Amino acid sequence: MAQTPAARIAVNGVSHDYKGDPRRSLLDFLRRDFGLTGTKKGCDHGQCGACTVMVNGRRINSCLTLAVMHDGDEVTTIEGLGMPDSLSALQKAFVSHDGFQCGYCTPGQICSAAAMIEEIREGWPSFVSVDVAGHARLDDEEIRERMSGNLCRCGAYANILAAIKEVMESGATS
Amino acid sequence: MKDSYDNPDERNLLDHTRQGVIGQPLDRPDGPLKVSGQAPYAAEYDRPDCAEGVLVGATISKGRVRAINRDAVLGMPGVLAVFSAPEMLRRAAQGGAGEAPMQDVRQVEFPLQPVALVVAETFEQATHAAKALKIDYDDQTGKAVLMPSPDKAEPAKDPVESGDLDAALKDAAHVVDVTYTTPGHASAAMEPHAAIAEWDGDRLTLHGSLQMVKYNVKELADSVDIPPENVRIVSAYVGGGFGSKLGISHEAVAAAVASRQLGRPVRVVMTRQQVFQAVMRRSETVQHIRLGADADGRLSALGHEAFVSNLPEESFSEPVLQATEFLYGGENRRLALNISRINRLTAGSVRAPGEAVGMPALEAAMDELAVALHLDPVELRKRNVPDEVPGQGKPYSSRKLVEALDAGARAFGWDRRMPLPCQRREGEWWIGMGMASAARVNILAKAEARVTLRADGTVLVETDQTDIGTGSYAILGQIAAEMLGQPIDRTTVHLGDSLFPQGAGSGGSWAASSTGSAVFRACEEIRAELARGLNCAPDDLQLRDGMVWVEGGEPRPVTDLMDGDIARVGRIEPGELMEKVKQATYGAFFCEVAVNAFTGETRVRRMTGAFGFGRVLNAKTARSQCLGGMVWGIGMALTEELQFDDRDGHLTNHDLAEYHVPVHRDIPEMEVLLIEERDAAASPLQAKGVGELGICGAAGAVANAIYNACGVRLRDFPMTPDKLLAELPDPFAGPT
Amino acid sequence: MKAFDYARAASLSDAVGAPACLIAGGTNLLDLMKLEVETPSALMDITRIGLNEITAEGDGLRIGALVTNAACAADPQVRQGWPLLSRAILAGASPQLRNKATTAGNLCQRTRCSYFMDNRSACNKRRPGSGCAALGGINRNHAILGTSDACIATYPGDMAVALAALDAQVKIEGPGGSRRIPLREFHRLPGDDPSRDNVLQPGEVITSVLLPAPVEGRQIYRKVRDRASYAFALVSVAAVLRIEDGTIVQAQLAFGSIAHKPWTDPRVDTLLVGERPSKALFDKAADLLLEGAQGQGGNDFKIPLARRTLAAVLAEATAE
């Protein structure tokens with residue numbers, strides 16, 4: 001087999017050279033090679049959103065991308081958003097609104113919400129935007145649609161919505 | 001104190017304690033760990049030199065493994081071994097089994113049943129090798145039963161027969177005689193089943209994702225033939241269970257077998273598809289419901305006969321009629337549950353087994369009766385609340401059904417409902433409202449917990465009880481803090497380790513009231529010890545913020561009364577009260593739906609639930625449980641359905657793309673009302689269970705709202721556009 | 001996943017004619033590679049070769065093959081002139097997937113037929129000559145138009161349905177040079193060779209999608225699905241309709257999830273033009289559209305669903 005080119009990946013500001021099996025997903029790289037198990041594997045097929053991380057500021061499913069393809073990329077995981085003694089506004093709001101139960105989808109929900117807030121700030125439309133060319137209204141339906149890539153089987157959706165709204169309305173950085 | 005709970009504890013002690021944390025909507029103590037990804041789930045423990053195992057599913061529907069062609073796979077990079085050992089499980093254990101379930105993995109009973117485990121150095125190597133493994137079978141698929149066959153059902157066990165149902169139906173002023181069907185459901189917990197096994201000599205440690213540790217220890221020990229005391233299970237955080245992790249399943253024993261052989265830790269995580277295909281399903285049901293009522297809507301006749309399925313020899317059958325037995329009157333009745341055998345994965349507990357599917361059907365049939373009577377559906381229910389359990393003469397413990405119906409109707413604005421269908425149209429959408437009662441049996445289970453009031457005044461709670469998202473970490477700490485008068489931040493709860501006393505486990509909504517009662521009793525013993533120091537009766541003891549006093553006396557630090565740690569193990573067992581009074585939780589659902597007049601798509605626009613389940617231990621986590629149940633109800637009503645290919649019996653929608661659990665946008669604004677209640681018959685906490693109540697009937701409210709919106713009465717869940725289309729009125733016609 | 005050689009293309013010329021499977025967003029390819037439905041022995045990463053810009057071209061727009069779905073949907077020019085395209089993209093998948101999925105990759109998205117995605121099953125698309133397990137199986141998601149005895153799979157995407165309605169073109173670079181074909185001719189019907197989803201030849205690479213000048217009038221993308229979001233379509237309709245003085249003067253329709261390709265039927269467009277909207281007209285359009293429609297049991301409902309969804313879209317598009 002040909003020599004696999006290495007990939008230098010920065011995770012939460014820490015660089016790592018990946019030279020291993022090219023089959024390794026970014027998700028398994030984070031969980032195994034980097035020991036960052038905050039990013040969860042729920043389906044491994046882009047169907048649940050539990051593995052959501054931000055790459056160069058954009059949310060993606062880390063299960064459906066190869067680690068080796070991320071040379072030069074900056075990855076932000078839940079651990080990069082905040083730890084128990086330094087929780088971000090979103091993380092705090094998830095706690096106070098009980099925006100989770102079992103907690104397994106939670107890091108993905110929070111990473112997704114953080115990136116969503118940025119997308120809205122940049123004026124991205126969604127499927128439920130009345131006019132895709134206009135400004136998105138920040139109503140509940142918009143947030144629900146934009147968060148629909150993150151399943152929560154415990155059914156904490158109403159509380160997740162409340163947590164996100166609180167942060168968006170406060171203008172705090174996520 | 002006797003362990004068994006035989007007499008109602010009407011002291012309502014938690015109403016008189018001083019700390020003021022019980023019932024409060026406190027944040028979960030495990031929250032900061034969970035929102036930062038620091039709570040470790042089963043697969044996430046870093047074990048040095050851990051090998052990776054991947055299960056292999058059978059390509060036949062029934063038969064036997066004849067040969068496993070190991071060699072080709074063993075030559076692949078990184079592959080360490082291939083196992084198809086007799087100890088490995090072919091079925092997952094049912095909840096509370098406490099012994100090995102069906103073993104001998106080479107006997108194939110359903111499609112994709114795990115038959116082997118491939119272990120390699122890395123996950124990628126093991127995954128590919130598992131796909132490459134060739135297995136020869138003695139294929140008996142031709143002899144398999146691939147479709148549910150109610151006509152071949154076994155005779156009903158213990159049917160309820162009283163009075164003369166047929167005669168009563170003949171005499172009734174109004175009769176509803178309908179058949180409802182529900183498809184199979186999956187728990188679909190977000191965390192796939194996972195285990196890391198490691199051996200130290202003849203002692204096995206398993207980090208697993210499990211709901212009932214004390215039973216799981218016995219199941220695992222029995223499976224690998226070692227004494228239970230040689231097994232330690234850690235299940236500190238569980239990424240959802242909903243019944244699917246009540247008993248051990250394939251990954252746990254496979255990991256244990258492989259680890260023993262290889263002499264190193266082995267991790268086995270089931271793929272999402274394998275979880276769907278192999279672990280546990282809720283049976284499909286066919287429910288024949290007959291209701292007969294007089295002109296005022298009082299039930300005289302109630303027939304509910306259900307057909308479910310399971311693998312041969314499984315004792316579990318979806319207890320569809322569980323709430324029908326006690327919810328409404330109707331002295332002439334026949335309730336019968338019939339099971340037929342099928343070669344599909346094990347049918348077992350999925351959130352609220354029984355009521356989850358029985359209640360929506362019953363409540364939809366009740367709606368049909370209300371229509372026949374031209375009677376408000378809420379009023380119909382209130383007219384049929386019996387004084388005692390029909391046919392049993394058994395009294396009810398505290399029951400808040402009527403209160404929930406009234407409070408829910410008021411909060412929801414039920415009076416704005418149009419009595420007839422097709423009255424309200426907004427653009428393309430028909431708008432309608434529906435309601436249903438909620439009911440779920442309440443169970444107290446045997447439980448133990450240790451509470452330690454430490455010499456520095458801090459409190460430690462330890463039990464093998466799990467928290468599967470239910471809030472055990474929160475409420476067990478609140479009970480101890482309340483009873484011992486300590487601030488909540490001086491209370492620590494350790495869960496999910498078999499080294500701790502045996503809690504009730506997470507299932508059947510019993511964890512909070514059962515393990516909570518064990519914590520309560522341990523605290524009572526500590527209070528008794530403190531009372532001795534003050535020469536007072538324990539119930540006269542006043543405790544708050546670390547201070548202790550008797551009424552009129554001077555508060556002093558509680559630590560002054562202590563020579564060191566005071567540790568006590570509290571115990572509770574179900575007693576005579578479980579038999580003497582009918583204990584259940586009750587509520588009501590109200591919802592508004594929009595049905596697209598063109599496409600038949602249904603969207604729930606808002607939903608209100610009102611629930612009475614005894615004392616609320618934490619208003620925040622209890623509300624979340626109710627919300628979650630209602631989300632499940634919406635999924636059941638509109639989208640969730642296991643689809644099997646009847647030609648070979650395999651599950652075709654075995655993933656989260658095609659098995660449609662609700663997404664954010666499916667879930668509207670929701671309101672939860674917690675009805676104040678104390679049920680002293682249920683537990684010394686006067687609390688009952690709440691983990692499942694929110695689903696028990698919810699789908700019926702949605703179905704009834706669909707009828708109210710567009711006049712289409714579907715009797716086949718889920719109510720997807722394809723089914724609605726056929727009966728929808730002309731979309732260009734307006735309201736009638 | 002089968003092991004493969006991984007290489008990075010530095011430029012388009014590395015990719016054209018490369019004896020490797022190209023990967024960009026990977027959201028569909030890796031999904032299928034994990035299932036070992038796709039088992040390439042070599043992968044070429046083309047994410048570093050440019051082709052990720054949206055630029056004006058005449059009155060139209062050139063969308064680079066590697067523009068992500070998210071970027072395309074959010075592009076101000078697209079939103080202004082071709083809101084149908086934005087809307088259709090936003091109807092598909094999830095925000096996370098749209099941030100990875102690319103324009104060209106999405107065109108090449110493979111079917112969601114459960115038998116195609118299950119190596120144990122007979123599937124002429126995955127293993128030519130093995131048969132079609134969807135016939136007589138669970139086929140609720142399957143095609144009602146343009147099927148063959150060999151295959152009843154659908155093209156599952158949304159974006160391409162809008163591109164078909166907009167009459168976009170696909171620019172392709174091959175070892176022998178470049179070519180440009182109408183999007184409506186990019187996807188194939190299964191016929192007796194369902195293994196080929198589209199007309200791309202070995203070694204060819206999609207470089208861009210070209211949108212013609214914006215069409216005046218209403219642009220609507222309607223997607224009917226089981227869940228309110230994050231679900232594949234049961235039926236979708238993309239419509240561009242212009243009404244003048246109560247008469248339809250231009251109609252470009254395309255339909256998703258009812259065929260092996262985004263379905264267009266010029267007869268339907270022609271029928272509508274010059275007519276005043278009415279329920280009778282919508283019925284006639286549906287009659288024509290569904291003339292040859294054939295259900296397979298589980299998907300019989302798609303015939304009335306397509307009819308009713310078309311009626312809903314036409315009613316919305318022609319409302320005062």
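Modeller: Lys and Arg count as positive and Asp and Glu as negative; His and the chain ends are left out. Each charge is placed at NZ of Lys, CZ of Arg, CG of Asp or CD of Glu.

Colleague: How many positive and negative side chains does chain A have?

Modeller: Chain A has 17 positive and 22 negative side chains. The centres of the two sets are 5 Å apart.

Colleague: What kind of model is this?

Modeller: The model is predicted; local features need pLDDT of at least 70, side-chain atom pairs need pLDDT 80 or more, and totals for chains, interfaces and linings use all residues. Residues are numbered from 1 along each chain, chains are lettered from A, and side-chain values use heavy atoms, without hydrogens and water.

Colleague: How many disulfides does the structure hold?

Modeller: A disulfide is a covalent bond between the sulfur atoms of two cysteines. The test is a pair of cysteine sulfur atoms within 2.5 Å. Over all chains, the structure holds zero.

Colleague: Is Cys113(C) buried or exposed?

Modeller: Buried means under 20% relative accessible area, exposed over 50%, partly exposed in between (1.4 Å probe, protein chains only). Cys113(C) is buried, at 8%. Cys21(C) is partly exposed, at 24%.

Colleague: What share of chain A is buried?

Modeller: Of its 174 residues, 66% count as buried.
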